[in-house]
Structure formats: structure tokens, C-alpha cells
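Dear colleague,

Please find below the structure that I am handing over to you, followed by an account of what was found in it. The model is a predicted one.

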Amino acid sequence: MPLWVASVQPLLIAAVLLWAGVGKLAGRQSADAARRSALAQLLGPERAVPAYTLVGFVEVALGAALALPPAPRAEAAVAAALHVGFLAYLGYAKVAAPESSCGCLSAQRAPVRWRGFARAGLLLLAALAALTTTEFWLAAATEHPLAATVLLLAEAAAVVALSAELDGYWLVPLRRLKVRLTHPLPTGSFEVPIASTVEQLHRSGVYRRIADLIESDVREHWDEGEWRIVCFTARYQGRVGSAVFAVPRLSYQPGAVRVAIVDEETREVLLSLNPIPDPVAEAGWPVPAPA
């Protein structure tokens, strides 16, 4: 491996650590992310938040050290040890709390999957490569500007592709584009199963917002154009009504679901919720089972 390749690896590791660390320290939902992570299972809910914050401090400090001169091997060694620790944490999470969030790069919910292991492994390999040199990354990048830029962009793209936390920014739009271009649902007399509609409904932010109000299974449903209307019995502020959901019938868009709860006797609208966009739900993460 050319020496300059190893020399620029600290920049990649620094960028990822700073991104992860700043998100843990400055994110508005950091405390919730800590409680949803496997740290809560490993250390207990009360210790998860301070531990999450401590990891953020370590990531920022090490990221800054890797980004700034000089470039002692000790920094790369600490980075390698840190990513071995991350792999061990992911292994624990996969076994002890498989549906908990990784809590790795942002507050976005991201259950531990193979991509998390691959990302930590990639960064571990980068840290081990950096151990072979003490040349500062800027000197190597200046000496090989085009090659270094291409390499770092390719590695950064790999990190993004392996980060489930970022799926809402690139993977979901790509999936939607594929659906628009390929039209996987046939037209004509094809009937979308009600079970598929209900599954999409359960993944919507609107349904999760009022799930506690639902008191029945699907009571009735019918189609109106591109929408499927699904009705449940609900109770709102002591009054029994019908929760009437409008769910996209021919596309997967849980963020477009809307609902109104209507009093069964007076037909008065007791509650109405507009669509609640939810990139995570639309990415297909598991959601709580219906009440």
C-alpha cells in the first residue's frame, strides 16, 4: 500500500469521529438517543446518558487530535482501540438488545445491523493503516491531491452507505425514484391487500400518535381513488368515535397518512391530524405493535 494512502486515513477517521461526537454533545435529542441505545441495556437507563456524553467527548477530542498536526502513531493506536471497542459494543447490542438503536452517529434511530459492523470495521482498517506512518495527512494530500481526494471521497461515500442513520437523505429518495420509474404495482384490477395497507398505517407517525386511542381492529375499509379509507373504533376524551384513516393505496408513503376521529352519534370531528413526515418510518424501521 502506498505510504500516502495510509497517511490520509486520519482525516477520514477524524471527520467521522467529529461528526459523531458533535452529534452526541450538541444534538437536541441526544438524551433520548442515549436511552434508546444499547447503552441503556448495558449500563442501565440512568447511566446511559452520561456514558453517551462521555463517548461524545472522547470522539471530539480524538477527532480533533487526528485532524491537527503532528501525526503520532499513538493517535492511530487510540483510534484503532476505540473502534475495536465499538465492534465489541455492536456485538453486545446485537445479542442483548437487537432492536435497540446503535446511537453511533446521530439521534436517528438505527438498529444494529450488518452495516454498522461493516462501518466500524472499515474505520478500524483505516486506523490500522494509519499506524504504519507518522506523515501528517495534509502533506500527503498536498503531494497527491487528485488521488487523495478521490480516495477520501470514495471512503466517505462508503461510510455514508453503511450508515443507516442517513438512509432518509439518500436511500429513501432512491427507492421512491425506483418505484416511480419501474411502477412495480400493476394497474387495472390488482387489489392491494388490506394487510399491506394496515402495515403501512402502523408505520405512520399519525397512527403512532393516537395508537392509545384505538379500541378495535379494522372495522371497515373502502377505496377512494388512490386512497384507502380504514376505520377503527376509538375513544377520545371519554367520547366514543370512529378513527377514519386515509392511507395511500398504491404507494408506500406512511408520512402521508392522515386521520380524523368522528363522534359516532353527532358526526362531530373530535380530532384531526395532518400527515406527519417520518423518514425513519418510511425507511422501514420496526415500530410498536398496535394497541
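T197 lies in helix α11, which runs over residues 194-202. With a relative accessible area of 1%, T197 falls under the 20% cut-off and is therefore buried. Apart from neighbours within four places in sequence, its contacts are V192, R228, V230 and V247. T197 belongs to a set of buried residues in α11 that also includes V198, Q200, L201 and H202. Against which elements do the buried residues of α11 pack? They pack against α12 (residues 205-210) and against the strands β2 and β3.

Two loops in the strand-containing part deserve a note on backbone geometry. Q237 sits in the loop between β2 (227-236) and β3 (239-248). Although Q237 is not a glycine, its phi is positive, at about 50 degrees. Its relative accessibility is 68%, so Q237 counts as exposed. R267 is placed in the loop between β4 (258-263) and β5 (269-273). R267 is not a glycine either, and has a positive phi of about 65 degrees. At 56% relative accessibility, R267 is over the 50% cut-off and so counts as exposed.

I turn next to the helical part and the annotations that accompany it. An unreviewed UniProt entry carries the annotation "domain: Methylamine utilisation protein MauE" for residues 4-131. In the model, this span is 77% helix and 0% strand, and its end C-alpha atoms lie 12 Å apart. The unreviewed UniProt entry also places the feature "transmembrane region" at residues 6-27, 48-68, 74-95, 116-140 and 146-172. Of these, residues 116-140 are 76% helix and 0% strand, with the end C-alpha atoms 29 Å apart. Residues 146-172 are 81% helix and 0% strand, and here the end C-alpha atoms are 31 Å apart.

Helix α2 covers residues 9-26, and its length can be checked directly. At 1.5 Å a residue, its 18 residues should span 26 Å; the end C-alpha atoms are 26 Å apart, so the expectation and the model agree. The buried residues of α2 are Q9, P10, L12, I13, A14, V16, L17, A20, G21 and K24. These residues pack against α1 (3-7), α3 (30-36), α5, α6, α7 (114-130) and α9 (145-161).

A15 and V60 are 45 residues apart in sequence, while their C-alpha atoms are 9.6 Å apart in space.

S30 is found in helix α3. At 10% relative accessibility, under the 20% cut-off, S30 counts as buried. Leaving aside neighbours within four places in sequence, S30 is in contact with G23, K24, L25 and Y52. K24 is also one of the buried residues of α2.

The pairing of α5 with α6 can be described in some detail. Helix α5 (residues 45-67) and helix α6 (residues 73-96) pack at an angle of about 145 degrees, and their axes are 10 Å apart. The crossing of α5 past α6 is left-handed. On the α5 side the contact is made by V55, V58, E59, L62, A65 and L66, and on the α6 side by E75, A76, V78, A79, L82 and F86. By class, this contact has 10 nonpolar residues, 2 charged residues and no polar residues.

P70 is found in the loop between α5 and α6. P69 and P70 are joined by a cis peptide bond, with omega at about -5 degrees. E99 is in the loop between α6 and α7. Its relative accessibility of 39% lies between 20% and 50%, and for that reason E99 counts as partly exposed. E99 and A38 are 61 residues apart in sequence and 8.7 Å apart in space, C-alpha to C-alpha.

With kind regards

Notes
Residues numbered from 1 in each chain as written. Predicted model: local features only at pLDDT ≥ 70, side-chain atom pairs only at ≥ 80, totals over all residues. Heavy atoms only, no water. Axes fitted to C-alpha atoms, helices over the stretch in contact; angles between N-to-C directions. Helix = DSSP H or I, 4+ residues; strand = E, 2+ residues; numbered from the N terminus. Left-handed = near helix turned anticlockwise from the far one by under 90°. Contact = heavy atoms within 4.5 Å. Nonpolar A, V, L, I, M, F, W, Y, C, P; charged D, E, K, R; others polar. UniProt positions renumbered as here; feature names shortened; annotations may be inferred. Expected span 1.5 Å × (residues − 1). Buried < 20%, exposed > 50% of the residue type's maximum accessible area, 1.4 Å probe, protein only.
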